[in-house]
Amino acid sequence: MKLELRGSEHSDIMEEETEESYENGGSSGSRLGTRAPVTPETQARRDAFKKMKKSNHSEKSMDFDDLLPHVGEFGKYQRLLIFLICLPACIPCGFHAFNQLFMSPVPPHWCRVPELENTGLSLEEIRNLTIPFIGGRYSQCSRYLVKNFSGIVSPDPSWPIVPCSHGWLFNTTQIFSSIVIDYNLVCDKAIYPTIGLSALNVGGIIGVYIFGSISDRFGRRVSFLVCLAIEQIFGLLTAFAPDFWSWTGCRFLVGLTVPAIYQIPFIIFTARPSFAALELVGPSYRSFVTVMTCLFYVGGMLLLAGVAYLVRDWVHLCLVTSLPFFAYVIYWWFLPESPRWLLAQGRLLEASTILKKMAEVNKTELPQSFLQQLKDRMLAQQAISVSSANKHTQAGFCSACKTPNMRMKAILITIVWFANETVYVGLSYYGPAMGDNEYLSFFLACAVEVPSYLLCWIVMDRWGRRWILGVGMIVGGIFAICTVLMPEDASVATLILYLVAKFAESAAFLIIYPFAAELYPTEIRGVGIGFSAYVGGLGLVIIPFINYL
């Protein structure tokens with residue numbers, strides 16, 4: 001026989017255990033024959049708990065979501081907060097996550113030969129004389145070893161060939177600015193830009209945990225603003241990095257913030273969102289806010305394509321993609337704390353002030369009796385949490401996955417998350433390499449996501465999550481494989497196949513977030529999504545090296 005413990009049953013059992021604890025003095029010490037002293041706070045929790053026990057089921061299950069209809073589920077207050085603060089913050093995420101692709105183009109280059117400089121020979125004549133012509137092109141990492149070029153007018157293929165030892169000369173006709181030029185990242189250092197891109201994603205894995213912890217401890221507002229500040233400061237400092245490793249350090253610190261801001265609506269490892277975007281809207285509007293988050297993020301990527309086309313100097317690109325967003329400092333005076341977080345912290349007065357403001361802006365009324373009931377429920381819930389803390393310290397993701405059903409779900413969610421995130425980001429990174437124009441190709445690769453997200457918004461609540469996820473992954477995989485089968489000169493056809501793959505994969509990428517949240521049980525949802533997201537993040541560390549190959 002299968003025994004399934006649902007949320008309401010779990011709550012009832014917890015209440016029975018808590019009631020027993022309070023009847024025995026409110027402490028585990030009562031079981032040893034001693035009673036803990038009753039503080040005013042403990043007495044208030046005890047009274048609230050007893051009151052809750054006598055209340056009806058609707059009052060017991062009262063939650064912040066029950067309060068939203070009274071203040072407005074998606075009124076003027078929420079619209080102003082989301083469209084003027086939360087969503088615009090996703091735009092610099094699109095900039096900083098992908099502007100690195102346009103900082104490291106590799107121009108044609110060859111070995112520098114100091115002994116032929118200032119001899120009156122042109123760069124082309126020096127190259128023809130000193131650089132081996134191998135496989136239909138001049139070598140970029142080797143040169144002829146000749147002690148004296150005096151009187152020599154043409155190279156001898158029998159001359160010994162050695163690696164470059166005095167640096168490189170770059171053809172800056174088309175690419176005149178790049179970290180590759182400034183830091184000499186060619187030949188044995190050609191993989192360094194890829195290491196920098198991977199460092200950005202390593203930062204993302206760490207950042208979601210750091211800012212999630214800050215969010216839980218100090219509030220959504222502080223976490224969100226600190227995240228934005230770090231992103232812009234180190235995005236700006238990237239432009240002044242004196243060497244590659246300083247540049248990589250700045251990219252790592254920028255990477256700490258990108259997924260933490262982008263995943264505003266999603267629960268990351270700490271069982272709570274990084275910020276209150278979805279904590280302030282009713283359940284029926286959360287799919288809309290999720291889709292809008294993705295659209296604003298893509299909007300940043302689309303703007304990046306145009307900015308990168310106009311600003312070809314990588315230092316100036318860093319400045320342009322960072323300086324304007326220092327204007328977000330004004331959020332400090334306008335951004336409220338999440339009422340849901342305040343209630344969870346027992347700060348009822350601050351929460352009620354914000355809720356009253358919400359009701360005022362949304363032109364609704366907040367019943368006083370409901371606030372009192374919410375206070376009672378809040379105290380009682382705190383009592384349940386305190387009483388059961390020691391009894392359930394071992395309960396968590398691993399213990400919940402002991403059942404075959406939950407274990408299979410966790411494995412499948414994690415595999416699908418890893419595949420989706422790796423493929424989506426990998427296709428995005430490879431966008432500039434598709435077609436004949438890297439800026440147009442990247443723009444199209446981003447633009448194709450817009451109809452994909454809009455289509456998901458229309459059908460995800462009608463057709464369900466599983467079909468969209470499965471079809472998106474299969475179609476995306478098939479068309480991605482087809483691009484490999486195309487001849488090298490079929491650039492337009494290859495680009496079209498790539499765009500279809502990106503369209504399908506973007507839909508699957510969007511669906512995995514709400515789908516995973518719905519499949520994991522409430523009591524382990526935060527830890528479960530955090531585990532799957534962390535494993536998925538490992539794919540982002542690996543995919544730059546796959547693209548490099």
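How many disulfides does a search of the whole structure find? Two. Keep in mind that this is a predicted model. Here are my notes on the cysteines.

1. **C111 and C164.** These two cysteines are joined by a disulfide, with the sulfurs 1.6 Å apart. That passes the distance test, because a pair of cysteine sulfurs counts as a disulfide within 2.5 Å. The torsion about the S-S bond is about -70 degrees, so the C111 to C164 disulfide is left-handed.

2. **Where that bridge sits.** The pair ties together distant parts of the chain, 53 residues apart. C111 belongs to strand 1, which covers residues 109-111. C164 is in the loop between strand 5 (161-163) and strand 6 (168-170).

3. **Accessibility of that pair.** C111 is buried, and its relative accessible area is 0%. C164 counts as buried too, at 15% relative accessibility. The value for C164 falls on the buried side because the cut-off is under 20% relative accessible area.

4. **C141 and C187.** The other bridge to look at is the one joining C141 to C187, with an S to S distance of 2.0 Å. Its torsion about the S-S bond is about -100 degrees, so this disulfide is left-handed as well.

5. **Where the C141 bridge sits.** Again the link is between distant parts of the chain, here 46 residues apart. C141 is in the loop between strand 3 (137-138) and strand 4 (142-144). C187 is in the loop between helix 8 (179-183) and helix 9 (192-218).

6. **Accessibility of C141 and C187.** Buried or partly exposed, if you want to sort C141? It counts as partly exposed, at 34% relative accessibility. C187 gets the label partly exposed at 22%.

7. **Pairing order.** Number the bonded cysteines of the chain in sequence order and the pattern comes out as 1-3, 2-4.

8. **C93.** This cysteine takes part in no disulfide. The nearest cysteine sulfur belongs to C90, and it is 5.7 Å away. C93 is buried, with 0% relative accessible area.

9. **C456.** C456 counts as buried, with a relative accessibility of 2%.

Methods. Residues are numbered from 1 along each chain as its sequence is written. This is a predicted model: local features need pLDDT of at least 70, side-chain atom pairs count only at pLDDT 80 or more; totals for chains, interfaces and linings use all residues. Side-chain values use heavy atoms; hydrogens and water are left out. Helices (H or I, at least four residues) and strands (E, at least two) are DSSP runs, numbered from the N terminus. Buried means under 20% relative accessible area, exposed over 50%, partly exposed in between (1.4 Å probe, protein chains only).
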